[in-house]
Amino acid sequence: MGKRSSRGDLAGTGSEAGYYQPRNYWGSKVAPYGGQWAAMLIAWPAGALTHLMLADSPHLPWITPVLALAGTVLAGVAYKAAGTRSGITRVHATITVAILTGWLVTCAITAPWRQPLVGIWLFGGATLALSWNIRRALRGGEESGGAGALFEKVKLAGVQAKAIDVAPNKVTAPLALPPGEVSVEEVQGAVDKIASALRLPKGSVRVVGDPDDTSQATMTIVPVDVLRHPQPWRGPSAPGGSIAEPIVPGVYEDNELQRMFFPGDKATQRQAATWIVQGMKGSGKTGGAKNCWTEMLTRRDNNLIVLDPSKGEQSVAFLGDSTSVVIGHKQCQQVMSRVPDVITDRATSLGRWGFDEWTPEVFERHGMPYLVIWVEESTRVLEDAATMTRIAQECRSAGISVVFSLQKASFRQMSTDVRSQIDGVWCFGVKDIDDAAFTLSEQVIDAGARPDKWQNRRVGCNYVEGPGIDEDRLPIPGRTFTATDEERAQVIDAHAGIRPELWAPTAKILGLPAKPTSQQGGTVVPITAHTSSVTAALADDWDNGFLSDEDDRTLLALPDDPEPDLEDLDPDAELPDDDPDMVLPGGSRRGRRPGSGCAPRWTSSPATAAPRSPSATCPTPRPCSAAPASGCPASSRAWPATGCWRRPGPTARPSSTARAPVTQRDM
């Protein structure tokens, strides 16, 4: 038996939560049409009472104009109050008020039980009531008690609900928006008010615009949140199938399966996807990741590499030796620093085989599986923004999908350059809606996606936005399946025979074994040295602030005695005093710079001129006596016996009229 709630009926289903199923009663269908007829019936006794009170009054000539004026005022009020409604509704309401007040004025003068007032009341009133009934019937009960009154209440008058589809726990209503008056964004902005008017929880109302017509939209109402209960795992979705088929990690609130795509598909123009998994601690990211890993390890044509720089084997132990797992901060950084080489190698192979992207045919003909690199707690490897940006930009064409999992994708945690290259988003509960805005698109949030309402209280609740997913599915929440590690491990072991080994060229570049083996009950795989691009690897290692043992072995040894002349020097001895006559390497002597009180050492020719004796007293500069035409500018100053010297400057050079051009030695 279903349960009855104050907001509707719950039809009996196999679910513990049940489904909301509205029930229609004939009384509820007829009642909205009775108000106009009730007003017609009341109009006659109201007119009769008015006549009995005013017909014999000596003040009748004054009262009737007052009644007429009151009727005019009421008609004006009705016209003004209906300003937010459609034009025909506004005129219809104004005429109705004018007719009713006109009836009272007429009855004040003439008895309503006499002809022609009896006929006017009977046929005119019926006509007026039927006019309102016809409008209601044609518009699907839009007025009070229907969708029209709902939209009017939230200040969206003019929005019309067309054919309403009622399904278990879901009501779908196509909306027609008045062109030029109400936009889809305005309706989306009022979804919380609509939910409040319907006395439903926040997030239960969603509105998605029509991409081909901005005056059309679809409103979806989900009265009962069935995601509050964990969803049991249904097993692998495509055991033995291709990775090109969707990965199914959970279920939507309407019981449809959630789907995530990794390789591209030219037939549907779907691009290969790089994913980001975001959610606050305890929101269920790891459980969702385990579901995806289990799905991937039951497919026949893909490799999976899991990196966890922070949690050790806490999250990956159940994988056993089914796939390559790398743990540890430096080890994960080292593997990611080699991924660009993997991209180049795989892309080169695909190009030689005549493919511009990976397809299942590549594996069938050439044995190259699709590669998924899943990085848990990825902020610790995202520190190398340049390498991560390159990977995100180039990996898809090489048959690689990279998944970055982190708690908050702010610019402090993930470079905006990397974030701009992300194709798919898997967003779990977040602390604030602004956190979700780092990854979910504005359109999805405007359509009603609210992962902040769960935070980490609903483990596994999420939104999925990515290539291959229908747009009307993007704002629908879902929840990941719940399973134990033992259940997942059993399924993975049962499909051990169909999983390909890590492709040999990729394994060699990454330094990972093609077929990992458990070590001491764990899943850590050894990383061997890769020498195809040692220089690039060392550069990455220096940027990342570490060198591994194997990289140390690639460094060249220093000579035994790099500077034998320094063997007899005492490192604790005092430095000698400043000696201007000290001979420098190359045979030159130290000198003094112009402007410091000492003459520089100039030579007229490197081959013949000798430096001037530094013991000579520095003379006082005097104006140059040579004419400008002789090579010495008038603005220059001369040093005795050295020719002309230009004013001090960064590029000052001496000149002379009697000697060859001079040059200054390096000091």
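These are my notebook entries on a predicted model.

**Entry 1: the nonpolar patch**

I found a patch of about 410 Å², made by Trp37, Leu130, Ile134 and Leu138. Which helix gives the most to it? Helix 4, residues 117–138, does, with 3 residues. Trp37 comes from elsewhere: I placed it in helix 1, residues 26–54. I then checked how open Trp37 is. Its relative accessibility is 31%, so I logged Trp37 as partly exposed. A patch residue needs over 30% relative accessible area. Trp37, at 31%, therefore passes that cut-off.

**Entry 2: helix 3 against helix 4**

Helix 4 came up again when I turned to helix packing. Helix 3 covers residues 87–109, and its axis comes within 12 Å of the axis of helix 4. The two axes cross at roughly 160 degrees. I noted helix 3 and helix 4 as roughly antiparallel, because angles over 145 degrees count that way. The handedness of this crossing is left-handed.

I also read the link between these helices. Pro116 sits in the loop between helix 3 and helix 4. Is the peptide bond from Gln115 to Pro116 cis or trans? I found it cis, with omega near 10 degrees.

**Entry 3: helix 9 against helix 11**

Next I took helix 9, residues 329–353, and helix 11, residues 385–394. Their axes come within 9 Å and cross at roughly 30 degrees. Helix 9 therefore runs roughly parallel to helix 11; the cut-off for that is under 35 degrees. I recorded this crossing as left-handed.

How many salt bridges does the structure hold? I have 14. I went through some of them, starting with Asp485.

The side chain of Asp485 meets that of Lys290 in a salt bridge, at 3.2 Å from N to O. This pair links distant parts of the chain. Asp485 is in helix 15, residues 485–494, and Lys290 is in helix 8, residues 285–296. They are 195 residues apart.

Asp485 also forms a salt bridge with Arg488, and the closest N and O atoms are again 3.2 Å apart.

I checked the accessibility of each partner. Asp485 has a relative accessible area of 25% and is partly exposed. Lys290 has 12%, so I logged it as buried. Arg488 is buried too, with 4%. The cut-off for buried is under 20%.

**Entry 4: other salt bridges**

Arg396 forms a salt bridge with Asp423, and the closest N and O atoms are 2.5 Å apart. Both residues are in loops. Arg396 is in the loop between helix 11 and strand 15 (400–406). Asp423 is in the loop between helix 12 (416–419) and strand 16 (424–428). The pair links distant parts of the chain, 27 residues apart. Are these two buried or partly exposed? Arg396, at 22% relative accessibility, counts as partly exposed. Asp423, at 24%, is partly exposed as well.

I also found a network of salt bridges, which links Lys170, Asp254 and Arg473.

**Entry 5: positive phi**

Asn255 has a phi of about 75 degrees. I placed Asn255 in the loop between strand 10 (250–252) and strand 11 (275–278). It is partly exposed, with a relative accessible area of 42%.

Gln455 also has a positive phi, about 55 degrees, and is not a glycine. Where is Gln455? It lies in the loop between helix 14 (442–446) and strand 17 (461–465). At 18% relative accessibility, Gln455 counts as buried, because it is under the 20% cut-off.

**Entry 6: Pro211**

Last, I looked up Pro211. This residue is in the loop between strand 7 (205–210) and strand 8 (213–221). Its relative accessibility is 65%, so Pro211 counts as exposed. I then compared its position with that of Glu471. Along the chain, Pro211 and Glu471 are 260 residues apart. Their C-alpha atoms are separated by 9.5 Å.

Technical notes: Residues are numbered from 1 along each chain as its sequence is written. This is a predicted model: local features need pLDDT of at least 70, side-chain atom pairs count only at pLDDT 80 or more; totals for chains, interfaces and linings use all residues. Side-chain values use heavy atoms; hydrogens and water are left out. Patches are made of residues with over 30% relative accessible area and no salt bridge: like charges are joined within 9 Å, nonpolar side chains (Val, Leu, Ile, Met, Phe, Trp, Tyr) within 5 Å. Accessible areas come from the Shrake-Rupley method with a 1.4 Å probe; for residues, only the protein chains shown count as cover. A salt bridge is a side-chain nitrogen of Lys or Arg within 4 Å of a carboxyl oxygen of Asp or Glu. Helices (H or I, at least four residues) and strands (E, at least two) are DSSP runs, numbered from the N terminus. Buried means under 20% relative accessible area, exposed over 50%, partly exposed in between (1.4 Å probe, protein chains only). Axes are lines fitted to C-alpha atoms, for helices over the stretch in contact, and angles run from 0 to 180 degrees between N-to-C directions. Angles under 35 degrees count as roughly parallel, over 145 as roughly antiparallel, 65 to 115 as roughly perpendicular and the rest as oblique. A crossing is left-handed if the near helix is turned anticlockwise from the far one by less than a right angle, and right-handed if clockwise.
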